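Biologist: Could you put the model up, so that we can go through it together? I have a few things to ask.

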Amino acid sequence: MAYDEVLAERVRERLEPEGVVAKKMFSGLTFLFQGNALANLYDEGLMVRVGKERTAEALEHPGARPLVMRGKEQRGWVVLAEETLDDDVLDGWLQWAMDATAELPPK
């Protein structure tokens with residue numbers, strides 16, 4: 001599993017106080033809230049849940065690109081360029097992911 005350990009620690013320290021659990025899965029480190037994935041850190045960077053209805057809005061932000069899996073764009077998720085993730089920007093994205101994930105029923 002190749003992902004940025006420093007970024008993983010930055011995400012972990014922000015999310016664990018909110019009850020988020022980090023688990024190695026999906027070829028990376030997945031952050032789960034109430035059993036639902038809200039972010040995943042993997043070799044291509046950090047992907048975050050933004051909600052299907054807000055995907056287009058999320059893609060307007062600098063450093064955000066569509067999540068593409070097996071050639072198909074996954075609505076509701078974006079991949080973030082790590083170089084854009086200063087503390088304030090990271091905090092904003094993680095809050096967005098928490099908000100989008102909190103709307104889902106617990107698993």
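Biologist: How do the residues lining the largest pocket divide into nonpolar, polar and charged?

Modeller: In this predicted model, the lining of the largest pocket is made up of 11 nonpolar, six polar and four charged residues.

Biologist: And what volume does the largest pocket have?

Modeller: The volume of the largest pocket comes to about 450 Å³, and of the 21 residues that line it, those closest to its centre are F26, N40, M47, L67 and M69.

Biologist: Which strand gives the most to the lining?

Modeller: That is β3, which contributes five residues, although β2, β3, β4, β5 (64-69) and β6 (72-80) each supply at least two residues of the lining.

Biologist: Switching to helix α1, which of its residues are buried?

Modeller: Helix α1 spans residues 5-15, and its buried residues are L7, A8, R10, V11, R14 and L15. They all sit on the same side of α1, because the arc they cover around the axis is only 160 degrees.

Biologist: Then which exposed residues are on the face turned away from the buried side?

Modeller: On that face, α1 carries the exposed residues E5 and V6.

Biologist: Last one: which residue caps the N-terminal end of α1?

Modeller: The cap is D4, which places a side-chain oxygen 2.8 Å from the backbone nitrogen of V6, a residue that is itself exposed.

Notes: Residues are numbered from 1 along each chain as its sequence is written. This is a predicted model: local features need pLDDT of at least 70, side-chain atom pairs count only at pLDDT 80 or more; totals for chains, interfaces and linings use all residues. Side-chain values use heavy atoms; hydrogens and water are left out. Buried means under 20% relative accessible area, exposed over 50%, partly exposed in between (1.4 Å probe, protein chains only). Helices (H or I, at least four residues) and strands (E, at least two) are DSSP runs, numbered from the N terminus. The arc is that of the directions from the helix axis to the C-beta atoms. A polar contact is a pair of N or O atoms within 3.5 Å; within protein, one must be able to donate a hydrogen and the other to accept it, and residues adjacent in sequence count only if both atoms are side-chain atoms. On a 1 Å grid over the protein atoms alone, a cavity is a set of points where a 1.4 Å probe fits but cannot get out, and a pocket is an open set with protein on both sides within 12 Å along at least five of seven lines; lining residues have an atom within 4 Å of a point. Grid points are joined across faces, edges and corners, and a volume is the space filled by probe spheres set on the points. Ala, Val, Leu, Ile, Met, Phe, Trp, Tyr, Cys and Pro count as nonpolar, Asp, Glu, Lys and Arg as charged, and the others, Gly among them, as polar.
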